[in-house]
Amino acid sequence: MKQPNSQPASELMLRETASQTAGPYVHIGLALAAAGNPTRDEEIWNEMARPEAEGEHIEVVGTVIDGNGDLVRDAFIEAWQADSKGVYQREYDLEKPFNSFGRTATTFEHGSEWTLKTVKPGRVRVDGIDEEHGAIDDKENDLASARSALLMAPHINLTLFARGINIHLQTRLYFEDEGEANAECPVLSRIESPIRRATLIARREEVDGKVRYRLDIRLQGEGETVFFDF
Amino acid sequence: MQDNSKRFVERDRNWHPPAYAPGYKTSVARSPRQALVSMQHATASELTGPAFRGLRMGPHDNDLLLNFRQGQGQGQDLPQGERIIMFGRVVDQFGKPVPHTLVEMWQANAGGRYRHRNDNYLAPLDPNFGGVGRCLTDEAGWYRFRTIKPGPYPWPNDPNSWRPSHIHVSVMGPSISTRLITQMYFEGDPLIPLCPIVNTIKDPDAVETMVGRLDMARSRPMDCLAYRFDLVVRGELQTYFENQ
């Protein structure tokens, strides 16, 4: 098959389309309300959990900071998380009480903070939970299956796009009040430096009786956030 | 559904632009200095992603000639500029179509001006052009938009930097591992090789993957031209033996 959009063909496999920065105006395309533009009937935005969704309702907030310590006011962030039972709800539907996917952004307003309204995710098994039964089945007792049966600590997968970011940055948000689960999380453990591991842990705050977690993402330099390749 | 049955072809990060590409000045302070932490085994978190068949779209969500009209008028309220169809297919690296996946796009108007409060370029806004589109690919992976060809515009990088005409394109694919944002450039545009953002990419073949091609067969006589832009997302592999 011929490589689309170009002449040379790879015999075995096509090359992935190359990435480019989302640029300064990503909000007009993917975060219409944040750009102050009219919205369509259904937008993919930051209210992942409606009030009737099961689980502990939380707000997740933060800033994005560049290598000079300045706020990044034009970032666009996507979130992907399990529901309160640790199951990824893959079919996006705004009529459902909870969606695993959400989007948020920083702008020149609101102190340049991003916000997600969601529920705290449950723990997810490394190889995924059987969505039909929600149960962990017995497997051969070898290393690979032992690994795949491991539970990860509750986390939210975050993907960061912005002007100046040529290919999106992938990270995870963990919760500071999940110390035990964090200590045994196979993904967190892959980060050698405990100081760097701490860059993924959101701090818990209570504001007007509501639980809020805060994670500032540092793109570069002191306290630089861990970004993943997967 | 068990998610341990698949994985995705590794991303070639020498093909993609590096985080730090000083010719594109904003990348200097926005690129990590530490190495990425590689997950040797992607988990259920990376191998899954949202499906958008349940997203209710408007009838003109993929038609930028009609989705920002200011009146219900008699043809006087269409946007100015070159009318084009932008279409293509989303496939994975093995050539397998990616059906029902979300493709989104945004762009400047014919004069290179974005409908965004921070864009102060002196070229005017077009009252009938918003510059935003979205659609799902069909069963065979095809998507389609109708729009105006965007104009080039100046930006503060080098003393006289101009972006080539481009349309920002966002595709989800089957999981968050395949998620990709890129830009479609237009075949033959002499600004392409001058652009510091294009030149964040080292391999000229990788630049070619971002060029939309004029397609006369799909253009409509006396109406609009067509550009074809296929998107390739990471290939999905089955892992048969992992647990045996």
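A:Phe228 stands opposite B:Val37, a residue in strand 2 of chain B. Strand 11 of chain A and strand 2 (residues 37-38) of chain B run parallel and are joined by two bridges. Strands count as paired if DSSP finds at least two bridges between them; helices (H or I, at least four residues) and strands (E, at least two) are DSSP runs numbered from the N terminus.

This is a predicted model, in which local features need pLDDT of at least 70 and side-chain atom pairs count only at pLDDT 80 or more, while totals for chains, interfaces and linings use all residues. Residues are numbered from 1 along each chain as its sequence is written, chains are lettered from A and ligands numbered from 1 in the order in which they are written, and side-chain values use heavy atoms, leaving out hydrogens and water.

**The interface between chains A and B**

Chain A brings 95 residues to the contact and chain B brings 101 residues, where contact means heavy atoms within 4.5 Å. Together the chains bury about 8,600 Å², with 52% of it on carbon and sulfur atoms. Buried area here is the accessible area (1.4 Å probe) lost when two parts are put together, summed over both. Of the area that chain A buries against chain B, 10% comes from A:Glu16, A:Gln20 and A:Phe230, more than from any other three residues.

Between the two chains there are 55 residue pairs in polar contact, both residues at pLDDT 80 or more. A polar contact is a pair of N or O atoms within 3.5 Å; within protein, one must be able to donate a hydrogen and the other to accept it, and residues adjacent in sequence count only if both atoms are side-chain atoms.

Several elements give two or more residues to the side of chain A that touches chain B, including strand 3 (76-81), strand 4 (101-105) and helix 2 (143-148) of chain A. Helix 1 of chain A gives the most, with five residues.

**Salt bridges**

Side chains of opposite charge can pair when their charged atoms come close. A salt bridge is a side-chain nitrogen of Lys or Arg within 4 Å of a carboxyl oxygen of Asp or Glu. By this rule there are 37 salt bridges over all chains, and 12 salt bridges between chain A and chain B.

| Chain A residue | Chain B residue | Closest N to O |
|---|---|---|
| A:Glu95 | B:Arg56 | 3.9 Å |

A:Glu91 lies in the loop between strand 3 and strand 4 of chain A, and B:Arg53 in the loop between helix 2 (44-47) and strand 3 (83-92) of chain B.
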